[in-house]
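Welcome! Here is a short briefing to read alongside the sequence and the 3D view.

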Amino acid sequence: CECDPKGALDASCSKFGGQCTCRRNVVGRKCDRCMASYTGFPNCRKCECSPVGSVSPDCDVTGHCTCTRGFGGRKCDRCASYGYYGYPNCKACNCDTRGSLSTFCGSWGQCQCRMNFEGLKCDQCRVGYYDFPRCKQCGCNPAGIQSAKIAHCTCKENVQGAECEQCKSMHFGLSIFNPKGCRPCGCNLNGTLGSIGDCDKDHGRCNCKAHVTGRECGRCADGYYGYQAADTFGCKRCNCKVGNSFGSYCDGFTGQCACMSNVGGIHCDR
C-alpha cells in the first residue's frame, strides 16, 4: 500500500486502486499531501488566501499565497508595501519622482514630497514657487499668493501688491490660512470719521469718531450714549450729576444715569 504514516489513518488501503484512508484535509493515493487550498502537511490547515488580492485560493508549502499585482502579505490581504495604497482597491501611488522622496505613499495616497513641492503625487510646486519641476521661489508673499505655477504672482481675492504682500482697501489681517488672504474691515460707517470704511491693516481697528469705540466703531464709548451717524462725535456725553449718581456712565441707548436713592432725572439732577 505504501500509505504515508503521517497522512494516513492506518497502513491499510483499498484492494481496488490502492487508495489509503487519509486524515482530514489530506489527499493523494498514499495520503501524502494536503488537499487544494490547504497547507502544512500533515497538519493541513486552510490557506485563507484573500479572494480580493490572490490569484487563486491555493498557497505553497510555506503558506504563502500568490498575489495579484499591487497586493502583498502572506495571504495577499494588504497592499504591496512598494508603491500601492487603499486596500482592497490597492491603487498605484504613482508618485512623481521629480517631486517625491520615494515611490511610497500613505494610506490616502499622499506621497512624500521634496522641499518646494506639493500635491497628492508631489507633481506641482508649493505655494510661493513656480516652474515645475524646477520649482524656483517666486518672491511672492506665501500668505497672499493664490498660484505659484508662473513667475508672476497671482494674488488671493482680497490681496494686492506686486508680491501679494498687502491687503486691499477695507481689508486687514493677511494670513496664509485665509483662502481669500484678508478679512473685511466691517467698519460701521455711522461711527467712523468721514464715514470711511478702511481700517488698520494689521489689527483691523477702524478710525472711530471721538465718542465712539469698538474695533468696528459700532458703539458709544463709556460715559456716552445715543449712537448716531448725524452726530459729529458719534455719541452724546452722559453728563451724570456728580454726587447724585453712581458714576459717569449711563445707558448707551437712553442716556439714563444710575441715580442714588431719592434722586431722579435722566442726569440725576433732580
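## A first look

Strand S29 (residues 245-250) and strand S30 (residues 257-259) pair in the antiparallel sense, over 2 bridges. Please keep in mind that this is a predicted model. From this hairpin, the tour goes on to the annotated domains, the disulfides, the nonpolar cores and the aromatic pairs.

**Strand pairs and their turns**

- S29 and S30 form a hairpin with 6 residues between them. In its turn, glycine 255 has a positive phi of about 85 degrees.
- Strand S1 (residues 8-13) and strand S2 (residues 20-22) run antiparallel and are joined by 2 bridges.
- Alanine 8 has cysteine 22, in S2, as its bridge partner.
- S1 and S2 also form a hairpin, with 6 residues between the strands. The turn holds glycine 17, whose positive phi is about 95 degrees.

**Domains listed in the record**

- An unreviewed UniProt entry lists "domain: Laminin EGF-like" for residues 1-46, 47-92, 93-142 and 185-237.
- Residues 1-46 are 0% helix and 37% strand, and the C-alpha atoms at the ends of this span lie 28 Å apart.
- Residues 47-92 are 0% helix and 37% strand, with end C-alpha atoms 26 Å apart.

**Disulfides**

- A disulfide is a covalent bond between the sulfur atoms of two cysteines. In this model the count comes to 21 disulfides.
- One of them joins cysteine 67 and cysteine 76, whose sulfur atoms are 2.1 Å apart. The torsion about this S-S bond is about -95 degrees, so the disulfide is left-handed.
- How accessible are the two partners, cysteine 67 and cysteine 76? Cysteine 67 counts as partly exposed because its relative accessibility is 25%, while cysteine 76 counts as buried because its value is 0%.
- Cysteine 113 and cysteine 122 form another disulfide, with 2.1 Å between the sulfur atoms. The link of cysteine 113 and cysteine 122 is left-handed, with -90 degrees about the S-S bond.
- At 23% relative accessibility, cysteine 113 is partly exposed, whereas cysteine 122 is buried, with a relative accessible area of 0%.
- Cysteine 208 and cysteine 217 are also linked by a disulfide, and their sulfur atoms are 2.0 Å apart. The link of cysteine 208 and cysteine 217 is left-handed, with -90 degrees about the S-S bond.
- Both cysteine 208 and cysteine 217 are buried.

**Nonpolar cores**

- Which residues make up the largest nonpolar core? Its 12 residues are Phe172, Cys185, Cys187, Cys199, Cys206, Cys208, Val212, Cys217, Cys220, Ala221, Tyr224 and Cys235.
- Apart from this core lies another one of 10 residues, including Cys138, Cys153, Cys155 and Cys167.
- Leaving aside neighbours within four places in sequence, cysteine 217 is in contact with Asn188, Gly191, Thr192, Cys206, Asn207, Cys208, Val212 and Tyr227.

**Aromatic pairs**

- How many aromatic pairs does a search of the whole structure find? The search finds 2 aromatic pairs.
- The rings of phenylalanine 71 and tyrosine 87 have centres 6.1 Å apart and planes at 80 degrees, so this pair is edge-to-face.
- Phenylalanine 71 sits in strand S9 (residues 71-72), and tyrosine 87 in the loop between strand S11 (84-85) and strand S12 (91-92). This pair links distant parts of the chain, 16 residues apart.
- Phenylalanine 71 counts as buried at 10% relative accessibility, but tyrosine 87, at 37%, counts as partly exposed.
- Phenylalanine 117 and phenylalanine 132 form an edge-to-face pair, 5.8 Å centre to centre, with 80 degrees between the planes.
- Phenylalanine 117 belongs to strand S15 (residues 117-118) and phenylalanine 132 to the loop between strand S17 (129-130) and strand S18 (136-137), so the pair ties together parts 15 residues apart in sequence.
- Phenylalanine 117 is buried, with a relative accessible area of 11%, and phenylalanine 132 is partly exposed, with 25%.

Note on methods
Residues numbered from 1 in each chain as written. Predicted model: local features only at pLDDT ≥ 70, side-chain atom pairs only at ≥ 80, totals over all residues. Heavy atoms only, no water. UniProt positions renumbered as here; feature names shortened; annotations may be inferred. Helix = DSSP H or I, 4+ residues; strand = E, 2+ residues; numbered from the N terminus. Disulfide = S-S within 2.5 Å. Buried < 20%, exposed > 50% of the residue type's maximum accessible area, 1.4 Å probe, protein only. Core = buried A, V, L, I, M, F, W, Y, C linked by side-chain atoms within 4.5 Å. Contact = heavy atoms within 4.5 Å. Phe/Tyr/Trp six-rings, centres within 6.5 Å; stacked < 30°, edge-to-face > 60°. Pairing = 2+ DSSP bridges.
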